[in-house]
Amino acid sequence: MHHAHIDKFAYQDSPVHRLDSRVKFIVVLVFTAMVVSLPRTSVSILACYAVGPFALLVWAKIPLRFAFKQILLVSPFVLVLALSCPLYDRTPATVAFGPFSWRLTLGWMRCFTILGKFTVTMSALIALVSTTRFNDLLAGLQRLGLPKVLVIQLGFLYRYIFVLIDRAHHILQARQGRKLRSLGFKAELRIAAAMLGSLFVRSIDTAEHINIAMQARAFDGKWRTLSRLQIRAADYIFALAAALFMAGLYLLVKPVLQ
Amino acid sequence: MAKAIEIENFSYAYPDGTVALDKINLSLEHGRKLALIGPNGAGKSTLLLAMAGFVKGTGRVVVDGLEINRKNLKKIRARLCSCLENPDDQLFMPTLFDDIAFGPLNMGLTPEEVKARVGDALQTVGLTEMVDKAPHHLSAGQKRAAAIATVLSMAPKIITLDEPDGSLDPRNRNNLLKLLASLPQTLIIATCNMNFAAALADRAVLVDKGRIIADGDAKEIMSDSKLMTEHGLEVPGTIR
Amino acid sequence: MHMANELLSVPVAAGTLAIAAAGLGFICRKVRQVITADKLALMGILGAFVFAGQMVNFQLPAMPGTSGHMVGAVLLAIVLGPHLAAIVISSVVIVQCLIFQDGGLLALGCNIINMALVPAYAGYFLYRIVTAGSASSLRVHIGAMIACVVAVEAGAILVPVQAALAGVLVVPFSTFLITMIGVHFLVGLVEGLITVAVLGYLQQVRSDLVLHSLPGKVRLSKSAVLATLVVFTIIIGAGVSLLASGLPDGLEWSYAERPDEPDFEPAVSNDDSRIAAVDDFQSRYSVMPDYSVRASKLGQVAEQQAGSSPGWTSFAGVMGSVITMAAIWLTAWILRKRQSPTA
């Protein structure tokens with residue numbers, strides 16, 4: 001988890017990157033809700049939904065490999081849960097796909113749906129966060145009603161994750177360099193606690209320095225920022241296209257369902 | 001015209017009783033570049049904090065004709081701005097724009113003025129391209145320049161800098177030197193890099209153990225090898 | 001134990017999001033008067049500390065190859081007080097979702113409740129009750145230990161409850177609940193040990209931090225403590241009564257996790273025909289009924305209707321999507337090729 005890679009794609013430039021963060025956020029949220037509410041055993045329709053995030057990722061020049069790697073990275077939890085489905089639901093079912101048909105169990109179908117939905121919703125989330133700078137997303141969320149305290153909190157948190165991850169890296173390297181064998185749990189715990197404790201104390205010291213830096217720049221407790229968000233024609237077009245895409249899928253799917 | 005800084009008999013002790021600054025007397029005219037030199041832990045940083053009103057001790061500190069007290073603090077912050085040692089403490093906002101706009105916004109400028117100030121400051125330090133970047137995407141040299149831009153955007157008359165040359169490679173240090181030399185403001189620079197101090201300052205104040213040991217022409221003080229070694233410093237190569 | 005989108009239904013996701021938003025909104029309004037300017041940076045950086053702290057791992061005894069790390073909810077609650085800690089940990093959960101894609105967008109409500117709100121308040125109140133304002137290190141340590149175990153468990157119990165309400169997975173609720181309680185007892189124990197050890201370190205180095213002397217802390221009223229305890233009792237009681245009720249309906253649909261053991265095979269298997277019946281029932285009343293299931297059940301019938309069989313519909317859907325994606329990719333590729341020489 002070296003930090004330079006965490007958000008590098010958000011700082012690229014593309015038509016998708018230039019879209020307003022609020023519009024993108026709402027579209028992805030609605031899209032996720034639609035995918036999640038899809039039937040629990042339908043797999044093929046997910047392919048149609050996948051077109052949306054796929055188009056965004058390609059259009060924004062986000063390497064698909066990066067997206068897949070990211071999905072794999074966060075998947076273990078869902079993978080375990082999905083794979084437990086076949087063990088519990090053994091109702092047999094016949095799946096027909098074009099000229100082929102298989103005999104499966106409902107559990108397996110559920111497993112595939114969960115994994116498919118996971119892939120599609122995660123691609124949508126990755127398409128959002130890797131094309132939107134975090135501070136733009138924050139400014140957008142603030143406009144959408146996120147409390148100011150939380151916005152400030154998230155801003156500081158985002159800024160200092162990178163600083164503190166670096167510090168933790170250094171501390172860990174120092175431990176690696178000196179620890180040559182396993183020392184037993186008690187000693188391990190004590191060392192870890194000392195590392196965490198010193199990281200904690202240094203964090204508090206850093207906070208005091210930041211306070212000085214803020215006051216030195218005439219901060220008086222009232223948080224002022226300049227929002228540079230604006231909704232342009234491209235945003236309306238994107239919102240319309242996304243709405244048409246989702247409505248089309250919904251209306252297209254519904255007749256097939258009944 | 002009022003002096004940029006006037007300190008009379010200023011003393012300060014840490015809460016545990018250790019004396020940090022002992023009867024400091026210092027006066028500095030506008031437009032000068034002053035190097036505060038001294039070994040680690042001599043009290044340089046504390047003295048800089050005292051000039052900005054972050055350390056409350058006994059004695060008088062007057063900044064551009066305004067004595068530091070609660071009432072004047074806001075006005076003083078617009079005239080004297082301090083830049084901290086670690087750019088990661090100085091750059092606390094998610095993007096460079098927000099960081100550089102932070103001071104001007106707090107001064108109550110209009111959005112247009114703020115944007116103009118940010119643009120000017122970025123141009124001065126040569127980071128115009130980086131306006132929307134997050135600080136963690138900047139290199140060490142860029143971070144240092146950005147930290148200075150956050151101060152420049154407030155258009156203060158006096159700027160204090162704490163170890164601005166820390167952890168910079170020679171090229172970045174030279175760029176920083178050029179930048180600082182080109183600034184019209186009164187600069188007060190705390191450093192323990194003598195070459196850096198000699199290249200920039202016209203006046204030097206040697207601080208050790210919370211006291212002012214020597215005060216005068218930069219070249220004169222820094223070429224006194226006995227004085228310099230006595231206080232854990234060295235004569236800069238450029239003078240020797 | 002991040003909740004995922006796919007394990008929730010839209011109503012449950014919307015409900016938990018609403019509860020989390022209301023809770024956070026209320027806390028933010030409540031703390032607005034108490035947050036002093038110097039608290040802002042401190043809260044932000046302690047949130048970042050939680051991330052960095054998770055990188056500091058240590059070997060666990062008796063389980064070679066496994067390592068533990070700190071979550072930090074109770075530590076923050078002790079140092080910052082419950083309200084500020086709840087905001088800080090919520091922001092951590094939000095960043096985990098928005099930057100690291102840990103837990104889905106729809107599951108954010110669940111994750112804020114389970115991992116931020118419940119642990120911060122439960123942990124803080126228990127810690128305060130046990131220490132009772134005394135600074136004796138024994139009390140501090142016992143208090144922190146109990147607070148960690150209970151805070152982690154309280155959040156963990158909610159996961160099967162939420163999943164059961166959504167009804168997406170098929171593992172029996174009781175199996176899942178017991179697994180969660182068991183696994184998270186260990187997680188809580190490790191969290192307790194490391195929190196106690198860190199508190200011990202802080203007491204030596206900066207005892208002012210542990211003894212609630214950070215200024216501007218929110219005072220607690222007795223009634224607030226009582227009300228919270230009542231709410232917790234109801235939530236946990238509801239979970240347990242669901243467990244005891246024999247699970248006659250859709251609540252049977254839940255799932256199991258063993259994050260420590262990916263190839264864990266639950267011993268109980270449930271191939272009850274009721275499951276199919278419930279599934280059928282639910283599909284009739286959901287927005288988008290389970291068409292593939294029905295199609296496959298009617299498979300024998302469908303195969304006779306050539307051309308319009310569901311098998312062909314889904315085939316067309318998938319193929320159409322694949323072709324569309326290929327076309328998008330190709331267009332983007334050509335456009336980029338054309339742009340690059342001019343750029």
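Let's start in chain B. Helix α4 of chain B, residues 96-106, is mostly covered: 11 of its 11 residues are buried. Keep in mind that this is a predicted model.

Which residues of α4(B) are buried? Here they are: B:L96, B:F97, B:D98, B:D99, B:I100, B:A101, B:F102, B:G103, B:P104, B:L105 and B:N106. And what do they pack against? In chain B, the partners are α5 (111-125) and α6 (140-152). There is also a partner in chain A, namely α7 (134-143). After α4(B) comes B:G108. Look at its phi: positive, near 85°.

Next, the sheet in chain B. A quick reminder. Sheet strands pair through backbone hydrogen bonds, and the pairing is either parallel or antiparallel. Here we have an open sheet of 4 strands, with antiparallel pairing. The order is β2-β1-β4-β5 in chain B. Which strands sit at the edges? They are β2 (19-28) and β5 (66-67) of chain B, and each pairs on one side only.

Now zoom in on one pair. Strand β1 of chain B, residues 5-13, runs antiparallel to strand β4 of chain B, residues 58-63, and they share 5 bridges. Find B:E8; opposite it, in β4(B), stands B:R60.

On to chain C. Find helix α2 of chain C, residues 37-55, and helix α4 of chain C, residues 82-98. Their axes come within 9 Å and cross at roughly 50°. Why call the pair oblique? Angles under 35 degrees count as roughly parallel and 65 to 115 as roughly perpendicular. The angle here is roughly 50°, so α2(C) and α4(C) are oblique to each other. The crossing is right-handed.

Who meets whom? From α2(C) come C:K39, C:M43, C:L46, C:G47, C:V50 and C:F51. From α4(C) come C:L84, C:I87, C:V88, C:S91 and C:V92. Sort the residues of this contact and you get 8 nonpolar, 2 polar and 1 charged.

Last stop: chain A against chain C. Here 101 residues of chain A contact 105 residues of chain C. Which element gives the largest share of chain A's side? Helix α9 of chain A, residues 185-216, with 20 residues. That side of chain A divides into 72 nonpolar, 20 polar and 9 charged residues.

Technical notes
Residues numbered from 1 in each chain as written. Chains lettered and ligands numbered in written order. Predicted model: local features only at pLDDT ≥ 70, side-chain atom pairs only at ≥ 80, totals over all residues. Axes fitted to C-alpha atoms, helices over the stretch in contact; angles between N-to-C directions. Helix = DSSP H or I, 4+ residues; strand = E, 2+ residues; numbered from the N terminus. Parallel < 35°, antiparallel > 145°, perpendicular 65-115°, else oblique. Left-handed = near helix turned anticlockwise from the far one by under 90°. Contact = placed C-beta atoms within 7 Å. Nonpolar A, V, L, I, M, F, W, Y, C, P; charged D, E, K, R; others polar. Pairing = 2+ DSSP bridges. Buried ≥ 20, exposed ≤ 12 C-beta atoms within 10 Å, placed from the backbone.
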